[in-house]
Amino acid sequence: MTKAIDITGQTFNKLTADYRVGSNKEGKALWSCTCECGVTGVEVTGKALRTGGVKSCGCAWKDAAQKKVVDLSDQVFDRLTVTGRIGSNKDGRAIWLCNCSCGAKDVEVVGKQLLSGKTRSCGCLYRDTRGLSKNIKHGYFGTRIYRIWSGMLSRCTNENHDYYHQYGGRGIKVCDQWKTFEGFLKDVGLPPSDKHTLDRFPNKDGDYEPGNFRWATQSQQCRNRSDNTYVTYNGEDVLVIELAEFFGVDYDLFRGRIKAGWSVEDAAHIPKG
């Protein structure tokens, strides 16, 4: 029988051999090791240590898995917006904190569930769906028009919604017939394109109701907002949206720069960097 090599005190990757504890069923020398992460009593064959077959107590694999985690911060998955990572579960999978469009905060979701589409809300999507009559088969669950309707209701009725203060908090209501999706769809129809959104018009401070709505482009929406931004340019007060269109620049970037105190020329011509 070949004499076992004494590796006491030697370090192999993250493992240091402390002492021999015997042999495995194949007759290979078995060593008790301490991992650099602090775990003790890790039993590994001498051959596995010398060849690099075993490099740690398992923490090396976990560390590698952590480095491969895709950053989901600020990404949107249906009703959930990711705000940050808080750690991992017992299987080493990343756990993310999310805010739900219904107003729920700090919803903990495993990243794999978000990426696969298995978790799409804090639970409100299921409750909304279950709450409707089983006899109604409009076929629009999960579609953009359905989300527009759901968001409208949430902004006007849910005090925890991020924008409630701009809608329900200001007294803006949804008419009774639009509190059901079918009544809403019957009156407003489908948007002309994916770029059109629901706008209260002609009364921007009025309720969501027949006679006070339109499908509007971003440009129309911006012109109809209660917080319209004007800026003085060439001696005239001009809407920021109109200047953005004149210069052919992104409205949100241009508006943000103007609010931050940039001059019109700089806001329009300095590249985003």
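The largest nonpolar core of this predicted model has 19 residues. Met-152, Trp-178, Phe-184, Leu-198 and Tyr-208 have the most contacts inside this core. Two helices, α5 (144-157) and α6 (181-188), each supply at least two of the core residues. Helix α5 gives the most, with seven residues. As a general background, nonpolar side chains tend to be buried together in soluble globular proteins.

Trp-178 shows how this region is packed. Leaving aside residues up to four places away in sequence, Trp-178 touches Trp-149, Met-152 and Leu-153, and also Gly-183, Phe-184, Asp-187 and Val-188.

Tyr-251, Phe-254, Arg-255, Arg-257 and Ile-258 are buried in α9. Seen down the helix axis, these buried residues fall within an arc of 160°, so they line one face of α9. The face turned away from the buried side carries the exposed residues Asp-252 and Lys-259.

Asp-250 caps the N-terminal end of the helix, with a side-chain oxygen 2.8 Å from the backbone nitrogen of Leu-253. Just after α9, Gly-261 takes a positive phi of about 100°.

For the protein as a whole, there are 10 helices and 12 strands. Of its 273 residues, 37% count as buried. Among contacts with a separation of 6 or more, 35% are between residues 24 or more positions apart. The accessible surface comes to about 16,800 Å², and 48% of this surface belongs to carbon and sulfur atoms.

Notes
Residues numbered from 1 in each chain as written. Predicted model: local features only at pLDDT ≥ 70, side-chain atom pairs only at ≥ 80, totals over all residues. Heavy atoms only, no water. Buried < 20%, exposed > 50% of the residue type's maximum accessible area, 1.4 Å probe, protein only. Helix = DSSP H or I, 4+ residues; strand = E, 2+ residues; numbered from the N terminus. Arc of directions from axis to C-beta. Polar contact = N/O pair within 3.5 Å; in protein donor to acceptor, adjacent residues only side chain to side chain. Contact = heavy atoms within 4.5 Å. Areas by Shrake-Rupley, 256 points an atom, 1.4 Å probe, with all protein chains shown as cover. Core = buried A, V, L, I, M, F, W, Y, C linked by side-chain atoms within 4.5 Å.
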